[in-house]
Amino acid sequence: MIGRRIWQKRIWTSAPRSLFPYTSQALSSPLPAAVTEHRQPPPGLSSLLAFCSYASSSSRLVNNLIDFGVEYRVNRHCFSSHALADHPVGGIVDVPLAQTGEGIAECELLKWYVQEGDEVEEFQPVCEVQSDKATIEITSRYKGKIAQIFYVPGDIVKVGETLLKMVVEDSQATSLMHGDIEETKSLGSKLDKSQIGGVLSTPAVRHLAKQHGINLNDVPGSGKDGRILKEDVLKYGIQKGIIKDSSGTMSSDSDSGNNSQGEKGSFSYASAGLGQPHDDKTVPLRGFQRTMVKTMSMAAKVPHFHYVEEVNCNALVELKASFQNNNTDPGIKHTFLPLLIKSLSIALSKYPWMNSCFNDESLEVILKGSHNIGIAMATPHGLVVPSIKNVQSLSILEITKELARLQQLALENKLNPEDITGGTITLSNIGAIGGKFGAPIINLPEVAIIAIGRIQKVPQFADDGNVYPASIMTVNIGADHRVLDGATVARFCNEWKQLIEKPELIMLCLR
């Protein structure tokens, strides 16, 4: 038992020590009695030997000693078979799409930060991808030169697939490239001729050639160093009859050298515009739109009911105007939403079932302790619902700043996975775009969602019969009828309505 503990301690230490003490470098060390006499590994060693033989195919047992072809040291990282598999010893290395989050199987490639032939430093961002949960930058594990890029923006890349190939800057790589140049050509280490792909071309050009089934090795390049351009692929495709020249542009360009430009050129341009067919367009769903398809399809199976109420926002309008008039920070813009979020949190404290999640497999309801209120935002990249965490502990000013931060990140498509996960209830401000009210669908596993319409002035009757203008906002609460009933939602809405119509009551709940 003592020997086993000492053994484990030596294995998992963070010092730069070999993974196993019985290496070829430790031949002078005395062997344990168990190994010398019985020629059996000490207690607890059998499983470790199995692990070592799995981690490195070059490890072997010689005279009861383990000899590693490549020394594998334990630093601050956990054991990983990938570290041995793609450890660069010079030459070409693959850079795969790493695991970007739990349950993520594929990502959409948004953009490249590098091009073929660029020098890359270690940990330098090379591309940006988007999963179902967030946008993430992929960094390089090595220092070297980009050899080949396999995907273009818009492609779906599965986790583990190779994004690009690199020539690593290593002393062994230098000797390999100069000492055995014929062998490295087959591996693709000669970048200036781009032997990896056979030709010099960009990912967009290779994607175009792949669409039309054109072999780039057959296409003559007109760019620098024989680089194949998009025009070269189109010209080759037209000559071979693979691509139809519907616009007549190529023929008009070739004839313009012998004939004056004029009616012929204008006719070609006009015919192209008039003869262009209005075909259907297939748009693949990516990123947050793909996520919306999955979540809304699941939510549509949940039995919903909706509760609609009108709220007088006269006092709220005056309070918001007072905040803005006394604002001394030009970087802060006061709106209605932070006040609504804070009052919503106070109402949730009295009705915790509204701030819960439902597990339909175990038929359990989890009453959430934190008020992580999600805010539905319409962005150019699709609908996204980041959440403001722990609203019950934030002031109205802190909510205002956090809301502004999330809105800016959503517009830039830079939200982190932590920003868009962990919500407990969702608030959808459709009134910012237009409309009086909507019928929202819950965001599973949450059990409630609230849609608020725009605030508009309407005539209202006072108790004495007089008519006065009122700023009315319509609230529509969508609820999971498996967990919530109408009475609970109605009482919750009355509590929230009271806080909105009399915002001075919020002060009684502040700490």
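This is a predicted model: local features need pLDDT of at least 70, side-chain atom pairs count only at pLDDT 80 or more; totals for chains, interfaces and linings use all residues.

User: Which residues make the contact between H13 and H14, and how many of them are nonpolar, polar and charged?

Analyst: The crossing of H13 and H14 is right-handed. H13 contributes Leu337, Pro338, Leu339, Ile341 and Lys342 to the contact, while H14 contributes Ile396, Ile399, Thr400 and Leu403. Sorted by class, the contact of H13 with H14 has 7 nonpolar, 1 polar and 1 charged residues.

User: How many aromatic pairs does the structure hold, and is the pair of Tyr351 and Phe492 stacked or edge-to-face?

Analyst: The structure holds 1 aromatic pair. The ring centres of Tyr351 and Phe492 are 6.4 Å apart and the ring planes stand at 80°, where planes over 60 degrees apart count as edge-to-face. The pair of Tyr351 and Phe492 is therefore edge-to-face.

User: How many residues apart in sequence are the parts that Tyr351 and Phe492 tie together?

Analyst: Tyr351 sits in the loop between H13 and strand S12 (356–359), whereas Phe492 belongs to helix H15 (residues 486–501). The pair therefore ties together parts whose separation in sequence is 141 residues.

User: In the open sheet with the order S3-S10-S8-S5, which are the edge strands, and which residue in S10 is the bridge partner of Gly144?

Analyst: This open sheet of 4 strands has antiparallel pairing, and its edge strands, each pairing on one side only, are strand S3 (91–96) and strand S5 (119–120). Strand S8 (residues 144–149) and strand S10 (residues 162–168) run antiparallel and are joined by 5 bridges. In S10, the partner of Gly144 is Val168.

User: For the open sheet in the order S7-S6-S4-S9, what does the twist average from one strand to the next, and which residue in S7 stands opposite Cys127?

Analyst: The pairing in this sheet of 4 strands is antiparallel, with strand S7 (135–139) and strand S9 (156–158) at the edges. From one strand to the next, the twist averages 45°. Strand S6 (residues 125–130) pairs with S7 over 5 bridges in the antiparallel sense, and the residue in S7 opposite Cys127 is Ile138.

Notes. Residues are numbered from 1 along each chain as its sequence is written. Side-chain values use heavy atoms; hydrogens and water are left out. Two strands pair if DSSP finds at least two bridges between them. Helices (H or I, at least four residues) and strands (E, at least two) are DSSP runs, numbered from the N terminus. A crossing is left-handed if the near helix is turned anticlockwise from the far one by less than a right angle, and right-handed if clockwise. Contact means heavy atoms within 4.5 Å. Ala, Val, Leu, Ile, Met, Phe, Trp, Tyr, Cys and Pro count as nonpolar, Asp, Glu, Lys and Arg as charged, and the others, Gly among them, as polar. Rings of Phe, Tyr and Trp (its six-membered ring) pair if their centres lie within 6.5 Å; planes under 30 degrees apart count as stacked, over 60 as edge-to-face and the rest as tilted. Axes are lines fitted to C-alpha atoms, for helices over the stretch in contact, and angles run from 0 to 180 degrees between N-to-C directions.
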